[in-house]
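Please read them with the model open.

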Amino acid sequence: MSSSSPSLRIDFISDVSCPWCAIGLKSLEQAVQSLPELQVDLHFQPFELNPQMAPEGEEINAHLARKYGAAPAQLEQTRETIRQRGAELGFTFTKGARDRIYNTFDAHRLLHWAGLQGGQAQRDLKLALLSAYFTEGQNPGDHAVLRRAAEGVGLDGEAAAAVLASEQFSTEVRQLEAEWQAAGINSVPAIVINQRHLIQGGQPPEVFAQALRQIAATAEGSPRS
């Protein structure tokens, strides 16, 4: 790939307990793979759907009914839509695997640490955490689950455990969350391209691909910093 290839920075703002974030990520990745002429610099940014959630979490149906006023039949229909979309993209939402919503702040701290190890490490950990929750039904706030996920993608388990046992990166994560909220991000996934173009939600790959093509064409005519 030549140095003159279009380069896009993508900030993917999301939570590891958000099913549409898993769909959005897999869909975005398919779009990027379909555009090999693009250079993409992907960064995962923190967003907590339930920042006040207690460590033990909350039963999922009670939580969703209280938060969104959703009836059981409506919840099941939404879950089936999510399962089908995931299957189309190669991501498994295991039926009945998750029965609780959990606090995800420590997961975001670990993702911040992983990002310091490199973009691929952060991406791999992000996908591992999404899979741990949605495919395996594990608690993404549990330090043992987080460490195993880190080790599973080749990161140092002892270093990950040290981060989790401390308050390391708490300030950085909270600051990033506040900055994105101040920028108007109040639902996820939110995909911000070149720090100015926003795509909201778990869009199909072709929608992402079209947007990336258009933005790259515009960026190509702009001076490089």
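How close do the axes of α1 and α3 come, and at what angle do they cross?

1. The axes of α1 and α3 come within 10 Å and cross at roughly 25 degrees. Axes here are lines fitted to C-alpha atoms, for helices over the stretch in contact, with angles from 0 to 180 degrees between N-to-C directions. α1 is therefore roughly parallel to α3 (the term covers angles under 35 degrees). Their crossing is left-handed (the near helix is turned anticlockwise from the far one by less than a right angle; clockwise is right-handed).

2. A word on the basis. The model is predicted: local features need pLDDT of at least 70 and side-chain atom pairs pLDDT 80 or more, while totals for chains, interfaces and linings use all residues. Residues are numbered from 1 along each chain as its sequence is written, and side-chain values use heavy atoms, without hydrogens and water. Helices are DSSP runs (H or I, at least four residues), numbered from the N terminus.

3. On the α1 side, P19, W20, I23, K26, S27 and Q30 meet T81, I82, R85, G86, E88 and L89 of α3 (contact: heavy atoms within 4.5 Å). By class, this contact has five nonpolar, four polar and three charged residues. Nonpolar means Ala, Val, Leu, Ile, Met, Phe, Trp, Tyr, Cys and Pro; charged means Asp, Glu, Lys and Arg; the others, Gly among them, are polar.

4. Now the largest pocket. Its volume is about 480 Å³. Of its 20 lining residues, P19, W20, L64, Y68 and T78 are the closest to the centre. (A pocket is an open set of points on a 1 Å grid where a 1.4 Å probe fits, with protein on both sides within 12 Å along at least five of seven lines; lining residues have an atom within 4 Å of a point.)

5. Two or more lining residues come from each of α1 (19-33), α2 (60-68) and α3 (72-89). α3 gives the most, with five. The lining has eleven nonpolar, six polar and three charged residues.

6. Next, α4 and α6 (residues 143-152): the axes come within 10 Å and cross at roughly 25 degrees. The crossing is right-handed. D106, A107, L110 and W113 of α4 meet H143, L146 and A150 of α6. That contact has five nonpolar, one polar and one charged residues.

7. α4 (residues 105-117) also meets α8 (residues 170-182), with axes within 9 Å and a crossing at roughly 100 degrees. The two are therefore roughly perpendicular (65 to 115 degrees). F105, H108, R109 and H112 of α4 contact S170, E172, V173, R174, L176 and E177 of α8. Three of these residues are nonpolar, three polar and four charged.

Terms used. Parallel < 35°, antiparallel > 145°, perpendicular 65-115°, else oblique. Points joined across faces, edges and corners; volume = space filled by probe spheres on them.
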